[in-house]
Amino acid sequence: MTAESRAPLARKPELVCPAGSLRALQLAVDAGADAVYLGLKDATNARNFAGLNFDDEQLRQGVAYAHARGAKVLMALNTFADARDFGPWQRAVDRAVALGADALIVADAAVMAYCRDHHPSLRLHLSVQASATSYEAIEFYRERYAIQRAVLPRVLTLAQVGQVASHTGVDIEVFGFGSLCVMVEGRCALSSYVTGQSPNTAGVCSPPSAVRWQDTAGGVEARLNGVLIDRYAPDEPRGYPTLCKGRFDVAGRRDYALEEPTSLNTLAILPELVELGVKAIKIEGRQRSPAYVEQVTRVWRAAIDSACATGARYSVQPAWVATLARFAEGQQHTLGAYNRPWR
Ligand code: SF4
């Protein structure tokens, strides 16, 4: 469908925003998030960084704040449980229920089975960490564990998103904005090679305890568990050292060997995503600052409202682009796999 033939969009997708702290949650809700997602202060979620996430009292306050303003709280419980000790994952589910979370974002079938058997009325969203890229996989999780929403990995083209959405009764959520990994969500073990920990199990890639910065004659070196990830000139912007985004010497040339830091930005295709039946748009970045959460939420609230109200007259506003550019990782953005020209 062309932009010219597009009528106003009747159904508004939910805007789902990150909250790494109570302050970020409050700013996201005030800026127009329909839902926020967050995690507990332990390895049960894939952003297990010191200083981030919620204890029970903060979660209780966050749920009260969001619910009082008509927003939902989704709790990410999206790492894969330690087979030697399922206790933390089981207790995290029970805490989420007791503290009033509206849904859990889950990846591990064992966690889903526990939810199904002990909290059958609890709403489950399939995490991007589950790597479900086909409607058959999503239907499997619906039939077995009654999942009601699936977050699609950032590997599908627009057409493939439409194909999945039209073949399942499960709500589809896609990423709209934020940092990109190298497209192996739920399966990346890169950081395990260097630190022994990965986001899939310990909830963290590049754990801060393994990160070292050092001034040298050749520049500022970033190391991860002793492995040189990058070397920066004194005035060069520095990224958080992750193995996938390091610059390495390959065939005599020093460059990004796996992935150049870039942010996903789908503002330009927002009406298409809605028309394909996408029910929720997710903003990445629980590890980012409250200021990031507030500003990015405001832009996406305005964009979704505009796309759904104006239809063919929707256009990306320069002010939105300017705001997002300030927060984009690597100061550049991409449509990623959504406009991948090959199959
Ligand atoms: S190492 Fe890179 S690709 Fe792997 S999970 Fe971390 S950020 Fe993503």
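Leaving aside residues up to four places away in sequence, Trp 300 touches Leu 15, Gly 176, Phe 177, Asn 265, Thr 266, Leu 267, Leu 270, Ile 281, Ile 283 and Leu 324, where contact means heavy atoms within 4.5 Å. The model is predicted: local features need pLDDT of at least 70, side-chain atom pairs count only at pLDDT 80 or more, and totals for chains, interfaces and linings use all residues. Residues are numbered from 1 along each chain as its sequence is written, and side-chain values use heavy atoms, with hydrogens and water left out.

Together with Met 75 and Leu 104, Trp 300 is among the residues with the most contacts inside the largest nonpolar core, which has 83 residues. Such a core is a set of buried Ala, Val, Leu, Ile, Met, Phe, Trp, Tyr and Cys residues joined through side-chain atoms within 4.5 Å; buried means under 20% relative accessible area (1.4 Å probe, protein chains only). Helix α9 (residues 290–310) gives the most to this core, with nine residues.

Helix α3 (residues 87–99) packs against helix α4 (residues 109–118) at an angle of about 45°, with the axes 10 Å apart. Helices are DSSP runs (H or I, at least four residues), numbered from the N terminus; axes are lines fitted to C-alpha atoms over the stretch in contact, and angles run from 0 to 180 degrees between N-to-C directions. Trp 89, Gln 90, Val 93 and Asp 94 of α3 make the contact with Val 111, Tyr 114 and Cys 115 of α4.

Helix α4 also packs with helix α5 (residues 135–145), at about 35° and with axes 10 Å apart. Here Ala 109, Met 112, Ala 113 and Arg 116 in α4 meet Tyr 141, Arg 144 and Tyr 145 in α5.

Key
Helices (H or I, at least four residues) and strands (E, at least two) are DSSP runs, numbered from the N terminus. Buried means under 20% relative accessible area, exposed over 50%, partly exposed in between (1.4 Å probe, protein chains only).
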